[in-house]
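Welcome, and please open your viewer. We will go from stop to stop, selecting a few things at each.

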Amino acid sequence: MPPRPDNDCLPYLRALSDESRWAIVRTLVASPEPLTLGDLAARNGLSDYNASRHVRILHEAGIVTVEREGRFKWIGITPGFRSRLATSGAQTLDLGCCRFDFGQKSPASRGKNHLRQLATISTLRPMSAPARYLMIGGFLGAGKTTAVAAVARHLAESGKRVGLITNDQGRELVDTQMLRSRGFATEEIAGGCFCCKFNSLVDAAARLDADAAPEIFIAEPVGSCTDLVATVTYPLRRIYGDRFSIAPLSVLVDPMRARRILGLESGTGFSDKVVYIYRKQLEEADLIIISKRDLLDETAEAELRAALEREFPEARVLSVSARTGAGMEEWFSILESEDQVREGAMEIDYDTYAEGEALLGWLNATIEVKCSDEIDTTPLLQQLAREIQQRLVAAGAEVAHLKMTLSPDNAFAGEVAVVNLVRNDFSPEMGQELDEPVEGGQIILNLRAEGDPEQLEAFVRESIAAVASPDCRLSLEHLERFRPGRPVPTHRDV
Ligand SMILES: Nc1nc2c(ncn2[C@@H]2O[C@H](COP(=O)(O)OP(=O)(O)OP(=O)(O)O)[C@@H](O)[C@H]2O)c(=O)[nH]1
Ligand SMILES: [Mg+2]
């Protein structure tokens, strides 16, 4: 095998650098006809979700075809990829840069991780180069996940391998679902902030490393967490200084929420102890990123920028829109080229922090949708969000973020509808819509609001009942709700 694969090879090598994808391709190569996604999953011992995720990557690399027929998706080998399969005796895949024997169960028999090593070689990254670690924080609903997806896409398009880490107090996260739906390798850390799950954070990075060998990790901390520099980035620098190079900490602010908290406009908001957390997040930021710039006019943006610079003089303030791309280049360039240089932890009162967190009710639920006919999912999600919103408004419980995804039954990875609500006096917004009507699927609902979790549960149950009909049944499959516990960091470097 030549030491440097030619560029033609790289998409194939990257896509094949995974045991499950190798197994899928081997199954398809051996089959005279295309196979359904469900069949492929069953034959390879994969969940439907994972099979779907792998097929999407193989599809993007031009290795497999995907034909939709009613509720089924048929997967086959593309003519281009098949033409690389020589038919002499054992089935040999000739990529030009290297040859594989498809007669083997997997190249792992020639040494574990052989394929991954090939992929690593293919990107010509020296094995010793430290991985880059980016953390994109900010209060609930600030636009973190949208920004993480935009940064990850930018990096992937410039040829970098990216691994994402989501974090929440609970499980079943809309964010994880959304980022995986975009095809990114994503690990989820549930049950507390990164600060208090430091070892899980390192383990998640190791799992991603084994699966996708990322050159860049992007971590999104829980939106109600702060003190991340002292409890996460300093310990990472101290313990794993040779493994990670750490970018400046970005903290996003939703411009409307920030204008209210900084007293530039009036409107619904949170109580003082929640605002304490919000301000502490900004105090430790290296970069304060005004997100959703497309929602602001120039005067309001300049006013907000000036107020942030005045109150948080240690941070650089940028203003971006992940939706339109405005201002993103400057941020990308800092994230790619600069290291965190700040020293010393901020002062923080953990009692006030814990009390502020405990004022926020947290609710995660999954809801099965079964309709007698095909329905458009956008009005369904919007109506459910509006029902919950009305009840929150009536109770004076300010929403921090209500987000829901709906994935259709038999969905192909990437097919997911998303709706969000980030303020009581805003409208629920579709972040992503489905192309086609569906008969059923699963809703994941994440609600974070300043209110009693029991009351939030009642609101969600009532709203489900209000939206359900004899033609379209909504059944609550699982629900958890709680107030976040006191943060107890694993490390705190001052
Ligand atoms: N107009 C506009 N909306 C945006 C932009 N970025 C994000 N949003 C919207 O803001 C809402 C919240 O976005 P997320 O990315 O989920 O926010 P988050 O900070 O990850 O939220 P949590 O994880 O719950 O804390 C969604 O409705 C997004 O579509 C933007 O650049 N412009
Ligand atoms: Mg998020």
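Which residue in β3 does L35 stand opposite? Select I75: this is the residue of β3 that stands opposite L35. What you see is a predicted model, in which local features need pLDDT of at least 70, side-chain atom pairs count only at pLDDT 80 or more, and totals for chains, interfaces and linings use all residues. Residues are numbered from 1 along each chain as its sequence is written, and chains are lettered from A and ligands numbered from 1 in the order in which they are written.

Stay here and select β3 (residues 72-77) with β1, its antiparallel partner over two bridges. Strands are DSSP runs of E, at least two residues, and helices are runs of H or I, at least four, numbered from the N terminus; strands pair if DSSP finds at least two bridges between them.

Next, select helix α2, residues 19-30. Colour R21, W22, I24, V25 and L28, its buried residues (20 or more other C-beta atoms within 10 Å of their own, with C-beta atoms placed from the backbone).

Last, select ligand 1. Domain 2 (131-355) and domain 3 (360-482) both give residues to its shell, so ligand 1 lies between them; the bounds come from an automatic or database domain assignment. The shell takes residues whose C-beta atom, placed from the backbone, lies within 6 Å, and α7 gives the most, with three.

Key. The expected span of a helix is 1.5 Å times one less than its number of residues. A residue is buried if 20 or more other C-beta atoms lie within 10 Å of its own, exposed if 12 or fewer, and partly exposed in between; C-beta atoms are placed from the backbone.
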